[in-house]
Amino acid sequence: MNKHAFLNKKVTLVKSCLVAALISYLPLSQANPDKFYATPDLQAKSPAAFALTESNQLWLKDAHHQREQDAQRFFNALKNEEKLFNSLQKWQSLSFEQRMALLPLVFKVECQILDMVCPELVINNSLYPTRAVNFVFDVRFPGSGLVFLNPDKLKDMAVYAPLAFLIHETRHAYQFQLGFSQQSLLAKGYKAAFTAQAGLSGYSFSDFLTLLNEYEAFQFANHVIGLLIDWRIDMPNMGTFASQFDDKGQLKINLVDLAEANGNKSLLDAYNQQAKAHYYLRNAK
Ligand SMILES: [Zn+2]
């Protein structure tokens, strides 16, 4: 489909992780417990789609392993692009325009590393003017997807947000293509997650961000940024604590470890218990 026709179909195509971005950047004072914690009733509607479902433990182990390998390969490939890598190393001292100019170069490397059909990349303020970022997909007509970034919105976000979201949204293209082209355990999980994302409503912050595709895309982007800057930056708005790393490169909440250490409590309840620190952080004055 040509670009024009593709964009004209956007009304039916749009199902996005924009919601994640919006939730992440809500003013802290607006967060309330019902909108923050994971909710069993919502997740029970599509158990296969969520990282907090005990029967997805094998999926999580596979996904963690794949993410570790892919993040390291991506980092090594960036390192081989000496000019780009040097610019990424001094990201904080660059102007916003200079940072944005690097994103298509990072995108190109990510596409190569993830061995997928490169999705369309649109960076402007007009395709979805009210949105900061978007991964456009249609589960009825699976294709390569479209990654959208809006500079007007990103410039008000944290310093590393444009880079993290570029990596995150492009990771969705890999997940989406895998989910709708293969029958592996990972593929089935991604297919369930994109399907639930397109079909369910009423998500809390933790519900949406523990969808397998969101959980993993935030982990992947946070992992790559961590490697780039030696885990020296904390990005508390990038996913739940189950997708974020501490300053030693360890997951703040490791759902695999949590499930193994967990007694009679459900994994969802155990996650909610551990997520209190994140809730309080988001509500700190
Ligand atoms: Zn997303």
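The following legends describe close-up views of a predicted model.

**Figure 1. The protein as a whole contains 16 helices and three strands.** Of its 285 residues, 40% count as buried. Among contacts with a separation of 6 or more, 67% are between residues 24 or more positions apart.

**Figure 2. Three strands form an open sheet in the order 1-3-2, with mixed pairing.** Strand 1 (120–123) and strand 2 are the edge strands; each has a single partner strand, so one side of each has no neighbour in the sheet. On average, neighbouring strands are turned by 10 degrees against each other, direction ignored. Strand 1 pairs with strand 3 in the parallel sense, over four bridges. In this pair, L121 stands opposite V147 of strand 3. Helix 10 packs on the sheet and touches strand 2 and strand 3. The direction of helix 10 makes about 165 degrees with that of strand 3.

**Figure 3. Strand 2 (residues 133–136) is covered on both faces.** In a regular strand, side chains alternate between the two faces of the sheet. Here V133 and F135 lie on one side, N134 and V136 lie on the other, and all are buried. Strand 2 runs antiparallel to strand 3 (residues 146–149), and four bridges join the two. Within this pairing, V133 stands opposite L149 in strand 3.

**Figure 4. Helix 10 spans residues 161–179 and is mostly covered.** Its 19 residues reach 26 Å from the first C-alpha to the last, close to the 27 Å expected at 1.5 Å a residue. How many of the 19 residues of helix 10 are buried? The count is 19 of 19.

**Figure 5. The largest nonpolar core has 68 residues.** A164, L212 and A221 touch the most other members of this core. Helix 10 supplies the largest share of the core, 10 residues. In soluble globular proteins, nonpolar side chains tend to be buried together. Leaving aside neighbours within four places in sequence, which residues is A221 in contact with? They are A164, I167, H168, R171 and M238.

**Figure 6. Helix 13 (212–228) is largely enclosed by the rest of the structure, because 16 of its 17 residues are buried.** At 1.5 Å a residue, helix 13 should span 24 Å, and its end C-alpha atoms are 24 Å apart, which agrees. Helix 13 is followed by D230, whose phi is positive, near 55 degrees.

**Figure 7. D230 and W231 lie in the loop between helix 13 and helix 14.** Helix 14 covers residues 255–261. Most residues other than glycine have a negative phi. D230 is not a glycine, yet its phi is positive, about 55 degrees. W231 is not a glycine either, and its phi is about 60 degrees, also positive. Is D230 buried or exposed? D230 is exposed, because 9 other C-beta atoms lie within 10 Å, and the limit for an exposed residue is 12 or fewer. W231 has 17 other C-beta atoms within 10 Å and is therefore partly exposed, a class that lies between exposed, at 12 or fewer, and buried, at 20 or more.

Methods
Residues numbered from 1 in each chain as written. Predicted model: local features only at pLDDT ≥ 70, side-chain atom pairs only at ≥ 80, totals over all residues. Expected span 1.5 Å × (residues − 1). Core = buried A, V, L, I, M, F, W, Y, C linked by C-beta atoms within 7 Å. Contact = placed C-beta atoms within 7 Å. Pairing = 2+ DSSP bridges. Axes fitted to C-alpha atoms, helices over the stretch in contact; angles between N-to-C directions.
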